[in-house]
Amino acid sequence: MKPALLMAAALWLSVAHVASGAPAGSAPASEAATRSRFEWPKLLNGSILDPSSNRVLFRFQRRAVFEGEVLKVTREFKDANGQLVARELVDYSGDTLRSFRLEELQTGQSGTAEVRSGKERGASQIVFSFGPTNGPAKT
C-alpha cells in the first residue's frame, strides 16, 4: 500500500468514525462511568493483512490516556519489519473531537484537522492542513 494511500485511508476512517457517532468500544462492566465514549479500548493491538495472501502489511497499536480532562489517543502503524511508518494523534474533550494529526513518517508529510468553536452557539468549523512535517502546511 502506498504511504499516501495509507494516510488518506487512516484520516478518512478516523474522521468518518467520529462523524458517524459510532461507539468507539465498550467499557468493562466495572468501568461504568467513562469520561468519553472514545476512551475504550484503552489499549488495542492488531494487524492489517493483504487480503490475497494474508501477509502482514502493517501492525498497529492504539493507546488512550487522559491528561486532565483531555483524552489523548495515539495510534501507531508499523510495517512488517517493525519500523514506525505512521502515527495518529487525536484529542477529545468528552465526546467531542478537538484535533486530529496524522504523521506519515515514510514521506515526511503530516496533516491535521482541528475543530474550532464558532461565535454562534453550536457552530464550529474544521480546519484542515497538510504538508511537509518540517515545512509550510497548506490550509
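**Figure 1. Strand 3 and its pairing with strand 4.** In this predicted model, strand 3 and strand 4 (residues 84–93) pair in the antiparallel sense over nine bridges, two strands being counted as paired if DSSP finds at least two bridges between them. Strands (E, at least two residues) and helices (H or I, at least four) are DSSP runs, numbered from the N terminus. Across this pairing, R75 stands opposite E88 of strand 4. Four residues separate the two strands in their hairpin, where G82 adopts a positive phi near 90°. Strand 3 spans residues 70–79 and is mostly covered, with seven of its ten residues buried; here buried means under 20% relative accessible area, exposed over 50%, and partly exposed in between, computed with a 1.4 Å probe on protein chains only. Residues are numbered from 1 along each chain as its sequence is written, and side-chain values use heavy atoms, with hydrogens and water left out. As the model is predicted, local features need pLDDT of at least 70 and side-chain atom pairs count only at pLDDT 80 or more, whereas totals for chains, interfaces and linings use all residues.

Figure 2. Strand 2 (residues 56–67) is joined to strand 3 by an antiparallel pairing of ten bridges. Within this pairing, V65 has K72 of strand 3 as its bridge partner, while E67 is partnered by V70 in strand 3. The two strands form a hairpin with two residues between them, and G68 in the turn has a positive phi of about 65°.

Figure 3. Seven strands form an open sheet in the order 1-2-3-4-5-6-7, and the pairing is antiparallel. Strand 1 and strand 7 are the edge strands, each of which pairs on one side only. On average, neighbouring strands of this sheet are turned by 15° against each other, direction ignored; the axes are lines fitted to C-alpha atoms (for helices over the stretch in contact), and angles run from 0 to 180 degrees between N-to-C directions.

**Figure 4. Aromatic pairs.** Two aromatic pairs are found when the whole structure is searched. F38 and Y92 form a stacked pair, at 4.4 Å centre to centre and with 10° between the planes. Because F38 lies in the loop between helix 1 (3–20) and strand 1 (43–49) and Y92 lies in strand 4, this pair ties together parts that are 54 residues apart in sequence. F38 is buried at a relative accessible area of 1%, and Y92 likewise counts as buried, at 3% relative accessibility. The rings of F60 and F77 have centres 6.1 Å apart and planes at 35°, so this pair is tilted. The pair links distant parts of the chain, with F60 in strand 2 and F77 in strand 3, 17 residues apart. F60 counts as partly exposed at 23% relative accessibility, whereas F77 counts as buried at 9%. Rings of Phe, Tyr and Trp (its six-membered ring) are taken to pair if their centres lie within 6.5 Å, and planes under 30 degrees apart count as stacked, over 60 as edge-to-face and the rest as tilted.

**Figure 5. G111 and S129.** G111 belongs to strand 6 (residues 109–117), and S129 to strand 7 (residues 124–132). Their C-alpha atoms are separated by 5.5 Å, although the residues are 18 apart along the chain. G111 is buried with a relative accessible area of 12%, and S129 is buried with one of 18%. Leaving aside its neighbours within four places in sequence, G111 is in contact with F100, R101, L102, S129 and F130, contact meaning heavy atoms within 4.5 Å. The side chain of S129 is also joined to that of T112 by a polar contact of 2.6 Å; such a contact is a pair of N or O atoms within 3.5 Å, where, within protein, one must be able to donate a hydrogen and the other to accept it, and residues adjacent in sequence count only if both atoms are side-chain atoms.

**Figure 6. Backbone geometry in two loops.** Most residues other than glycine have a negative phi, and most peptide bonds are trans. W40 and P41 are joined by a cis peptide bond with omega of about -5°, and P41 lies in the loop between helix 1 and strand 1. N54 has a positive phi of about 60° although it is not a glycine. N54 is found in the loop between strand 1 and strand 2 and counts as exposed, at 55% relative accessibility.
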